[in-house]
Amino acid sequence: MSDTQPTGLGGVIVATALPYRADAAAPAGLAVDYDAYAEHCRWVVGNGCRGVGPNGSLGEYSSLTDAERRRVARTAMEAVGGDGVVVAGVHAPGSHQARHWAETAAEDGADGVLCLPPTMYRANRGEIVAHFEAVASVGLPVMVYNNPIDTKVDLTPGLLAEIAQIDGVVAVKEFSGDVRRVLEIGEKAPGLEVVAGADDVVLESLLMGATGWFAGFPNVFPAESALLYDLATGGRLEEARALYEPLVAAFRWDSRTEFVQAIKLAMDLVGRYGGPCRPPRGPLTAEHRAAVADDMARAVAALDRRRAA
């Protein structure tokens, strides 16, 4: 766990990738490997991360059946037990569906939920607020998720100031890539935790006051990611920068269209199991595979030199 003892939904929470095994009877010929997923959840928490986030985009929630989606969240909760927090993704097209997933998360024992604005529809301001009101009404702490790249809805600091008035909304996962927003959100919604959502601006976000990192590459480098968080939040800038700079080329894949495939490949490259994705995500092109491998080789070499020093 982090030495800085994060509160609320802060700290390093891993948006966990989901392993599959071949099964001709399963959707797209791939069945969720729940045992491997449980082991992975325990591994990232055991390596210093504060918790896990099942059923996020990296967890391919939109490619799962309803039964699979609920079992994935339950598996994460059972795997980490009291050793880590579980913030379950409840993303959905409508507020009634998102509230349903928040209700199942509450029934199953989640510590909080992560929620996008309505998916598959460019909602207006009132619809966005109503969406988060419905989710928060369930009673679990809510981390709203600003991902304007994918949703085409931007939770601007001004809009977040309104959303933050909803009882139960405690944090925002900020994925716009604009680190200027960390301070502006703090000014306009001072009670709202700001959580870094993009790996390739995490150090910048933490230095500007973000209290958490809801992260992709800790699936690959959990211990180093937990250390980076501790160094940054502990004010040890030179050490944090020395750790971060060799990793950031790999981290940039977290902000690209093929981020799920890239992070799964990165897991494979360090001896973990990433494996394939369900549609609509196909395999990486040869060019992308080579680029990920090159960025990872430089990251791994830097970490090896660090360990040997």
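In what order do the 8 strands close into a barrel? The order is β1-β4-β5-β6-β7-β8-β9-β10, with parallel pairing.

The model is predicted: local features need pLDDT of at least 70, side-chain atom pairs count only at pLDDT 80 or more, and totals for chains, interfaces and linings use all residues. Residues are numbered from 1 along each chain as its sequence is written, and side-chain values use heavy atoms, with hydrogens and water left out.

**View 1. The whole protein.** The secondary structure comes to 13 helices and 10 strands; helices (H or I, at least four residues) and strands (E, at least two) are DSSP runs, numbered from the N terminus. The radius of gyration is 18 Å, close to the 19 Å from the globule rule for 309 residues, so the protein is as compact as a globular protein of that length. This radius is taken over C-alpha atoms, and the rule is 2.2 Å times the number of residues to the power 0.38. Along the principal axes, the C-alpha atoms fill a box of roughly 50 × 50 × 35 Å. Of the 309 residues, 56% are buried; buried means under 20% relative accessible area, exposed over 50%, and partly exposed in between (1.4 Å probe, protein chains only). Among contacts with a separation of 6 or more, 71% join residues 24 or more positions apart, where contact means heavy atoms within 4.5 Å.

**View 2. Surface and charge.** The protein exposes about 12600 Å², and carbon and sulfur atoms supply 51% of this area. Accessible areas come from the Shrake-Rupley method with a 1.4 Å probe; for residues, only the protein chains shown count as cover. There are 28 positive and 40 negative side chains, and the centres of the two sets lie 3 Å apart. Lys and Arg count as positive and Asp and Glu as negative, while His and the chain ends are not counted. The place of a charge is NZ of Lys, CZ of Arg, CG of Asp or CD of Glu.

View 3. Two strands pair if DSSP finds at least two bridges between them. Strand β1 (residues 11-14) pairs with β10 in the parallel sense over 4 bridges. In β10, Phe214 is the bridge partner of Ile13, and Ala215 stands opposite Val14. β1 also pairs with β4 in the parallel sense, over 2 bridges; here Val14 stands opposite Val52. Both faces of β1 are covered, with Gly11 and Ile13 on one side, Val12 and Val14 on the other, and all of them buried. In β10 (residues 212-215), Gly212 and Phe214 point one way and Trp213 and Ala215 the other, and all are buried. Strand β9 (residues 193-196) runs parallel to β10 and is joined to β10 by 2 bridges, with Ala196 opposite Trp213.

**View 4. The β7 and β8 pair.** Strand β7 (residues 142-146) and strand β8 (residues 169-174) pair in the parallel sense over 5 bridges. Tyr145 stands opposite Lys173 in β8.

**View 5. Helix α12 and its cover.** Of the 11 residues of α12, 9 are buried, so the helix is largely enclosed by the rest of the structure. The buried residues are Phe259, Val260, Gln261, Ala262, Ile263, Lys264, Leu265, Ala266 and Met267. Their cover includes β2 (20-22), α1 (34-46) and α13. Gly271, which follows α12, has a positive phi near 90°.

View 6. Most residues other than glycine have a negative phi, and most peptide bonds are trans. Glu60 has a positive phi near 55° and lies in the loop between β4 (51-52) and α2 (66-80). Met120 has a positive phi near 65° and lies in the loop between β6 (112-115) and α4 (125-136). Glu60 is buried, at a relative accessible area of 0%, whereas Met120 is exposed, at 79%. The peptide bond from Pro279 to Pro280 is cis, with omega near 15°; Pro280 is found in the loop between α12 (259-269) and α13 (286-308).

**View 7. His131 and its contacts.** His131 sits in helix α4 and counts as buried at 2% relative accessibility. Not counting residues up to four places away in sequence, His131 touches Ala92, Gly94, Ser95, Ala98, Cys115, Leu116, Pro117 and Pro118.
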